[in-house]
Amino acid sequence: MIREFTFIDFLYLLAATRWTLALTAVAFAGGGLVGLTVALLRVSALAPMRWLAGLYVLVVQGTPLLVWLFVFFFGLSIFGIAVSPWIAAAASFSIYAGAFLGEIWRGCLQAIPRTQWEAGGSLGLSFVQQLRYIIVPQALRLAIPPTVGFLVQLIKNTSLAAVIGFIELTREGQLTTASTFRPFTVYLTVAAIYFALCFPLTQWSRRLERRLHVAR
Amino acid sequence: MSLVELNDVVKRYGQHTVLNGVSLSVDKGEIIAIIGRSGSGKSTLLRCVNGLEPIQGGSVTVDGTVVNDPGTDLRKLRQHVGIVFQSFNLFPHLSVEKNITLAPKVVKHVPSGEARRLAENVLRKVGLAEKIDAYPDQLSGGQQQRVAIARSLAMQPDLMLFDEITSALDPELVGEVLKVLEEVAREGMTMMLVTHEIGFARKVASRVVFMHEGRIWEQGPAAATLGSPRTPELETFLSAVLH
């Protein structure tokens, strides 16, 4: 049954945006945890740990996110493991975000001069103490702009979860289109909502970056 | 027994030999000035003493601890061996006070109030008591280096290493740092300093060590060694830096 695209449909889209934000939040938290581990392992003194973390990044960055979604959602059900779209999306996005955040944060940690580690080590601080009190606080300042930048990518990429039936903004757009047959209006509205989410973050990231350049 | 004992130390970077069998012993209270051309291995020698540079041969012993033994807890050793770097290496995100109190608090578990007093004390020694709440980028190079010395002093080390600490400074700021160094020397600190300040070495050092091509080429009491060099290499070096 074909009906008009009305205000109520717009409200449905907004309601579905919650799930876009929820998936982004979960992916960012999960990816943050994975990313932190990856970044720390990649600057650790133990070579096998560095290789392991490097391999992880290599594999994840070299494979499409969509394939990971399929692996979790369709692949695991072959083995009789029923995976809900939520779990599949949360896992895939955490794996994906973990690799990228790990690389971003590794770069920030390594941007702190070797001499800062030396100064800390010469005062008798342990590796973990050097990280905690000297390296991480300085790297954090560097990390904020690219991290916010990646968050914007993440928001947009959650739209991929639509293909496994996770009802977020894009999937809701598809459903609305199916019942109203107004793809142009609906998808433009969807795009506008994504833009409204991402634009302030992009601006914020730019401002942070400018401030950082002025400060150093 | 000597405080620092270097025995036939060899240090290589790949094919390049930086230290080629260096032996040196330093007694408590001695002030050793290490001089020599850049690339002669003098900074490397200093960095071997607190284990910043792993060595490929020989041994380094500080106060009975074998520095190059893989089983040695370098963190423990470094609490007793201070080092001040050419490029200051203050922590830019921390105030002067926090720069100084970080290691005492974290490593030695000195309580906050006591740590603050400790910072005030060492800052007074380097003449910067009023800068306790400043940040490194608000200080001149000379002041930053004096804070770095204070930071090292706050750990109450038995031995201090100074790695060309005036080389990165504008000429007009060198004097204030040397004055602090002299003050530290007068209190009886055992010091090893790599320096280009020959006049300062002559005045303060008890012994001068001249490094050349990764070896100790010549050493002896400061005045005698600098006044009448026995090797042509030291003579050439001295005439080059003094003119």
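1. Before we start, a residue is called buried here if 20 or more other C-beta atoms lie within 10 Å of its own, exposed if 12 or fewer, and partly exposed in between, with C-beta atoms placed from the backbone. This is a predicted model, in which local features need pLDDT of at least 70 and side-chain atom pairs count only at pLDDT 80 or more, while totals for chains, interfaces and linings use all residues. Residues are numbered from 1 along each chain as its sequence is written, and chains are lettered from A and ligands numbered from 1 in the order in which they are written.

2. Have a look at helix α7 of chain A, residues 169-180. Helices (H or I, at least four residues) and strands (E, at least two) are DSSP runs, numbered from the N terminus. The buried residues of α7(A) are Leu169(A), Thr170(A), Arg171(A), Glu172(A), Gly173(A) and Thr176(A). From first C-alpha to last, the 12 residues of α7(A) reach 16 Å, close to the 16 Å expected at 1.5 Å a residue (1.5 Å times one less than the number of residues). After the helix comes Phe181(A), with a positive phi near 55°.

3. On to chain B, which has nine helices and 10 strands. Its C-alpha atoms fill a box of roughly 55 × 45 × 35 Å along the principal axes, and 46% of its 243 residues count as buried. The radius of gyration of chain B is 18 Å, which agrees with the value near 18 Å for a compact globule of 243 residues (taken over C-alpha atoms, with a globule rule of 2.2 Å times the number of residues to the power 0.38).

4. Chain B is divided into domain 1 (1-75 + 159-173 + 189-243) and domain 2 (81-156), with bounds from an automatic or database domain assignment. Their contact takes 15 residues from domain 1 of chain B and 12 residues from domain 2 of chain B, where two residues are in contact if their C-beta atoms, placed from the backbone, lie within 7 Å. On the domain 1 side, strand β7 (residues 159-163) of chain B gives the largest share, five residues. The centres of the two domains, taken over C-alpha atoms, are 25 Å apart.

5. Finally, the chain interface: 17 residues of chain B are in contact with 15 residues of chain A. α2 (74-78) and α3 (96-108) of chain B each supply at least two residues of the chain B side, and α3(B) gives the largest share, four residues.
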